[in-house]
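Please examine the structure shown below.

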Amino acid sequence: MEYELVGRNLVIRLPEELDHHSCQTLRQDTEQCLENYDIARIVLDFSAVSFMDSTGIGVILGRYKRMRELGGDVALYGAGRRIRKLIRMSGIEKLARVCETEADALKR
């Protein structure tokens with residue numbers, strides 16, 4: 001996983017597999033970033049993700065809830081057809097902005 005601050009946006013480039021192991025790191029790292037920086041939006045880059053299980057869905061929902069507590073939001077981009085279907089079926093697309101590009105996800 002890679003993390004990049006772009007203004008008040010935390011861009012997270014997700015790994016190929018968003019599962020139990022990677023989600024622990026994602027949860028801890030984002031929490032640390034939220035404590036240390038003034039972040040208004042988490043932007044999730046799904047470009048490399050080919051597998052996501054229920055833990056991945058849970059951690060995304062958790063990041064959404066955390067950002068709502070802080071008055072921010074979540075956007076995502078780059079999801080392929082299979083992952084986008086999971087995002088739709090899980091209801092994430094009703095909570096987070098689903099975008100085609102990073103530039104779109106960074107816009108207010």
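In this predicted model, arginine 63 has a relative accessibility of 8%. Arginine 63 therefore counts as buried, since that term applies under 20% relative accessible area. This residue is located in helix H2, which covers residues 54–69. Its side chain makes a polar contact, at 3.2 Å, with the side chain of threonine 30.

Side chains of opposite charge can pair when their charged atoms come close. Arginine 63 takes part in such a pair: its side chain and that of glutamate 31 form a salt bridge, with an N to O distance of 3.1 Å. This pair links distant parts of the chain, as arginine 63 belongs to helix H2 and glutamate 31 to helix H1, 32 residues apart. Is glutamate 31 buried or partly exposed? With a relative accessible area of 21%, glutamate 31 is partly exposed, whereas arginine 63 is buried.

Glutamate 31 also forms a salt bridge with arginine 66, and here the closest N and O atoms are 2.9 Å apart. Arginine 66 counts as partly exposed, at 21% relative accessibility.

Which residue forms a salt bridge with arginine 66 at 3.4 Å between the closest N and O atoms? That residue is glutamate 69. Both glutamate 69 and arginine 66 lie in helix H2, three residues apart, or about one turn of the helix. Glutamate 69 has a relative accessible area of 61% and is therefore exposed, a term used for values over 50%. Elsewhere, salt bridges that share partners join Glu4, Arg13, Asp45 and Glu102 into one network. A search of the whole structure finds 10 salt bridges.

Helix H1 spans residues 20–36, and serine 22 has its place there. Serine 22 is buried, its relative accessible area being 11%. A polar atom of the serine 22 side chain lies 3.0 Å from the backbone nitrogen of aspartate 19.

Arg81, Arg82, Lys85 and Arg88 form a positive surface patch. One of these residues, arginine 88, is in helix H3, which runs over residues 81–90. The relative accessible area of arginine 88 is 44%, so this residue is partly exposed.

Key: Residues numbered from 1 in each chain as written. Predicted model: local features only at pLDDT ≥ 70, side-chain atom pairs only at ≥ 80, totals over all residues. Heavy atoms only, no water. Patch = residues over 30% accessible without salt bridge, like charges linked within 9 Å, V, L, I, M, F, W, Y side chains within 5 Å. Areas by Shrake-Rupley, 256 points an atom, 1.4 Å probe, with all protein chains shown as cover. Salt bridge = Lys/Arg side-chain N within 4 Å of Asp/Glu carboxyl O. Lys, Arg positive; Asp, Glu negative; His and termini not counted. Charge placed at Lys NZ, Arg CZ, Asp CG, Glu CD. Helix = DSSP H or I, 4+ residues; strand = E, 2+ residues; numbered from the N terminus. Buried < 20%, exposed > 50% of the residue type's maximum accessible area, 1.4 Å probe, protein only. Polar contact = N/O pair within 3.5 Å; in protein donor to acceptor, adjacent residues only side chain to side chain.
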